[in-house]
Amino acid sequence: MPMPSPRLSAALLTGTCLTLLAGCAGSSDTAGAHGPAAASAIPVVASTNVYGDLVRRIGGAKVQVTSIISDPDQDPHSYEAGTRNQLALSRAEVVIENGGGYDDFVDRMLKSAGSSPDVINAVEVSGKAAPKGGELNEHVWYDFPTVAELADRIAIALGKADPADTATFTENARDFVRLLQPLERKEARIKAEHGGEAVAVTEPVPLYMIEASGLRNATPEEFSEAIEEGDDVSPRTLQSTLPLFTGKKVEALVYNEQTSGPQTEKAERAAEASGIPVVPVTENLPEGKDYLAWMTANVDALASALAK
């Protein structure tokens with residue numbers, strides 16, 4: 001009787017271990033974009049469900065994806081990964097992380113995983129760097145050119161793990177990139193109609209989308225940085241932020257629903273009281289949506305707000 005292939009043996013062992021460890025933080029996705037994952041599927045770990053969705057789109061039934069963070073309310077900055085996540089990482093052939101300080105728990109676990117997967121770092125793929133004297137905006141999945149580059153990089157990594165299906169991965173990545181183009185056209189349309197207009201944000205999550213749409217972020221940096229870091233906004237900073245709304249100096253408030261608190265709620269109430277549209281966004285993929293549907297809704301919501 002022939003012995004099973006190394007990948008099949010590893011996949012069976014991984015599936016058994018993850019079944020025994022059911023209920024772990026994060027999700028093990030057993031279905032690809034084209035149906036149930038094959039028994040010999042490439043084991044992939046993504047730091048968040050955003051990247052997990054991209055991998056499934058490109059890998060289809062040829063990948064078995066574990067997204068460590070899949071809860072839209074979980075903040076990757078403060079996430080503490082456990083032994084179950086370590087198990088998944090130790091089995092992975094491909095790992096995709098955001099980088100830029102966003103999901104450092106992945107690098108910490110990789111150091112002790114005792115394995116050498118192909119690691120894709122989205123910030124490194126993007127080529128983004130911190131502006132002089134400023135902070136890096138690590139939320140690169142809101143930048144569509146970066147996501148297109150990332151799709152190609154994922155296809156290459158999957159092709160190395162499974163050379164027989166390289167052409168399939170490459171074609172799936174090309175199809176995905178084509179579907180990104182309407183989103184870039186929507187941003188270009190916003191820029192043509194509203195370029196130079198000011199908006200406010202509660203934190204930097206959507207800034208790449210805002211910049212690509214030709215809009216100007218008028219939010220005091222001290223406000224958005226404090227919210228992102230989970231710090232209190234000083235009374236002085238709050239007093240310099242609220243007039244953006246009471247004085248109708250911005251056309252919209254783009255609001256991260258995942259990090260709402262007393263100070264962001266004050267900004268939201270001030271915007272609503274002044275008739276300024278509020279555009280809700282999230283960091284992680286909302287339940288029931290894929291990346292393309294999610295980002296289409298975000299761009300459309302921004303366009304609708306500016307048209308009011």
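## A covered helix

Helix α2 (residues 49-59) is mostly covered, since ten of its eleven residues are buried, where buried means under 20% relative accessible area, exposed over 50% and partly exposed in between, with a 1.4 Å probe and protein chains only. The buried residues of α2 are N49, V50, Y51, G52, D53, L54, V55, R56, I58 and G59. After α2 comes G60, with a positive phi near 55 degrees.

## Basis of the model and overall content

This is a predicted model, in which local features need pLDDT of at least 70 and side-chain atom pairs count only at pLDDT 80 or more, while totals for chains, interfaces and linings use all residues. Residues are numbered from 1 along each chain as its sequence is written, and side-chain values use heavy atoms, with hydrogens and water left out.

The protein has 13 helices and eleven strands; helices (H or I, at least four residues) and strands (E, at least two) are DSSP runs, numbered from the N terminus. Of its 308 residues, 49% count as buried. The protein exposes about 14100 Å², of which carbon and sulfur atoms supply 51%, the areas coming from the Shrake-Rupley method with a 1.4 Å probe. Among contacts with a separation of 6 or more, 69% are between residues 24 or more positions apart, a contact being heavy atoms within 4.5 Å.

## Nonpolar cores

A nonpolar core is a set of buried Ala, Val, Leu, Ile, Met, Phe, Trp, Tyr and Cys residues joined through side-chain atoms within 4.5 Å. The largest one holds 57 residues, and the members that touch the most others are Y51, W141, Y142, I154, L158, L180 and Y291. Helix α6 gives the most to this core, with ten residues. Apart from this core lies another, of 16 residues, including A198, A200, F223 and L244.

Leaving aside neighbours within four places in sequence, L180 is in contact with F144, V147, A148, Y291 and L292.

## Aromatic pairs

Rings of Phe, Tyr and Trp (its six-membered ring) pair if their centres lie within 6.5 Å, with planes under 30 degrees apart counted as stacked, over 60 as edge-to-face and the rest as tilted. The count comes to six aromatic pairs. One of them, W141 with Y142, is tilted, at 6.4 Å centre to centre and 50 degrees between the planes. W141 is buried at a relative accessible area of 2%, and Y142 is buried at 0%.

The rings of Y142 and W294 have centres 5.8 Å apart and planes at 70 degrees, so this pair is edge-to-face. Y142 lies in the loop between α5 (122-126) and α6 (144-161), and W294 in helix α13 (residues 291-307), so the pair ties together parts that are 152 residues apart in sequence. Ring pairs link Y51, Y102, W141, Y142, F176, Y291 and W294 into a cluster.

## Parallel strands

Two strands pair if DSSP finds at least two bridges between them. Strand β6 (residues 94-97) runs parallel to strand β7 (residues 118-121), and four bridges join them; E97 has N121 of β7 as its bridge partner. Together with helix α4 (residues 104-111), β6 and β7 make a right-handed β-α-β unit, right-handed meaning that, with the strands pointing away from the viewer, the path from the first strand over the helix to the second runs clockwise.

Elsewhere, four strands form an open sheet with parallel pairing, in the order β9-β8-β10-β11. Each of the edge strands, β9 (216-217) and β11 (278-281), has a single partner strand, so one side of each is left without a neighbour in the sheet. Strand β10 (residues 253-256) pairs with β11 over four bridges, and Y255 has P280 of β11 as its bridge partner.
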